[in-house]
Amino acid sequence: MTEPKTDKRRALAKVQHVVSLLTCALMLLAVAVHRDGRVLGYDVKPAAVDEAEAVSVAADGAMVVNTTTLAADITGYGGPVPLEITLRDGRIADITPLRNAESPDFFKKLEEAGIYDRWKGRTVDEALAEQVDGVTGATYSSQAVIGTVRRALAYVAEHEQAGAASAGSETATEGAFWRSPKALCALAVVLLGAVVPLFVRSPRYRLVQLVLNVVVLGAWTGSFVSYTLLVSFFSNGLNLMTSAVAALMLVVAFVFPLFGRKNHYCAWVCPLGSLQELAGKTTRRKWTLSPAALKWLNRLRDWLWYVLMLLMWTGLCFSWIDYELFTAFLFGDAAVGVVVAAVLLVALSCFVTRPYCRFVCPTGTLMRISQQTK
């Protein structure tokens, strides 16, 4: 009699887990629709520009290319990065970014780095042949801009020159991920964190994985699950050819728990969690928090999450998602307040085990809620 009851409880817990996950997905879907008017790359509102209006002629005779729909599937960290590209006398005269959901601090870095100037003054063919590198600290945004410019120029070449350039340009854009050492290393580290702990239990290996997470996923590539990534996913979907690392992280964070690996992402992949744990290993002196203090801090974390979600649901504030402490890994471009908070957090981690993960992290709270079985 005991075994059937146990099986029934397990089945019920699994159903509750799935319901919790779907509920969280619907909450994020509502945020994506409210902020971007898109669901997995499809507009739920009439498009602002249709393909017939993608290319227009200005009063002075210049050709103006609007990439809003031409490159809607090419996304940065927060979503598509539409541009307005002006060609005068067959050469690129100006590139102007249009409204987008990227972090303003990171996107401004592109202009400061002169990324748009790399194409100015060039013909369409010359610009398509130009090899433009991404901008350190704004990798997702810069790669999206590069892909968007190439897509727009390939469209112009196709319509003006019988178009052999288009196919080659798209192949180059879609294959860019597999030619990027940074992306391949990040993918390898996420795979190690996802698979190896299932079979190997070694403190030495765990130390190696923690270091790899901090160095490769955090400091070098800026790869992590955050609200920005999650909302972007529900708004724009994921192109596996360019976002394999993000896709695998989402699987570890939300699919692994369905098979009994709760908190696997937080414990084995998250670079900020890894940094806190490494900091904690530097001293044996730990502060003891009373049960009352722990209870209060847990409630504070939950209420913080409720408030932040309410700000997005009501449309009062979406921008907070760009300032989660994960962005401190992009040290050269992160907001000063975020960097300062991250430094203080790491110092606190020497005395309190993973304080941000346990008592603050909105993304971690969402993951925990998505795994609830009661």
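This is a predicted model: local features need pLDDT of at least 70, side-chain atom pairs count only at pLDDT 80 or more; totals for chains, interfaces and linings use all residues.
The protein has 374 residues, and 48% of them are buried. Its secondary structure consists of 15 helices and six strands. The exposed surface comes to about 19,000 Å². Carbon and sulfur atoms account for 63% of that area.

Helix α7 spans residues 203-220, and helix α11 spans residues 271-280. Their axes come within 8 Å and cross at roughly 130 degrees. The two helices are therefore oblique to each other. The crossing of α7 past α11 is left-handed. On the α7 side, the contact is made by R206, L207, L210, V211, N213, V214, L217 and G218. On the α11 side, P271, S274, L275, E277 and L278 take part. By class, the residues of this contact are eight nonpolar, three polar and two charged. In an α-helix there are 3.6 residues a turn, so residues three or four places apart point the same way.

Helix α11 is mostly covered, with nine of its 10 residues buried. These are P271, L272, G273, S274, Q276, E277, L278, A279 and G280. Helix α7 is one of the elements against which the buried residues of α11 pack. The others are α10 (264-268), α13 (336-349) and α14 (355-359). Among the buried residues of α11 are P271, S274, E277 and L278, and these four also belong to the contact with α7.

Helix α7 also meets helix α6, which covers residues 181-195. The axes of α6 and α7 come within 10 Å and cross at roughly 150 degrees. This crossing is left-handed. Helix α6 contributes P181, K182, C185, A186, V189, V190, L192 and G193. Their partners in α7 are Y205, Q209, L212, N213, V216, L217 and W220. The residues of this contact divide into 11 nonpolar, three polar and one charged.

Technical notes. Residues are numbered from 1 along each chain as its sequence is written. Side-chain values use heavy atoms; hydrogens and water are left out. Buried means under 20% relative accessible area, exposed over 50%, partly exposed in between (1.4 Å probe, protein chains only). Accessible areas come from the Shrake-Rupley method with a 1.4 Å probe; for residues, only the protein chains shown count as cover. Axes are lines fitted to C-alpha atoms, for helices over the stretch in contact, and angles run from 0 to 180 degrees between N-to-C directions. Angles under 35 degrees count as roughly parallel, over 145 as roughly antiparallel, 65 to 115 as roughly perpendicular and the rest as oblique. A crossing is left-handed if the near helix is turned anticlockwise from the far one by less than a right angle, and right-handed if clockwise. Contact means heavy atoms within 4.5 Å. Ala, Val, Leu, Ile, Met, Phe, Trp, Tyr, Cys and Pro count as nonpolar, Asp, Glu, Lys and Arg as charged, and the others, Gly among them, as polar.
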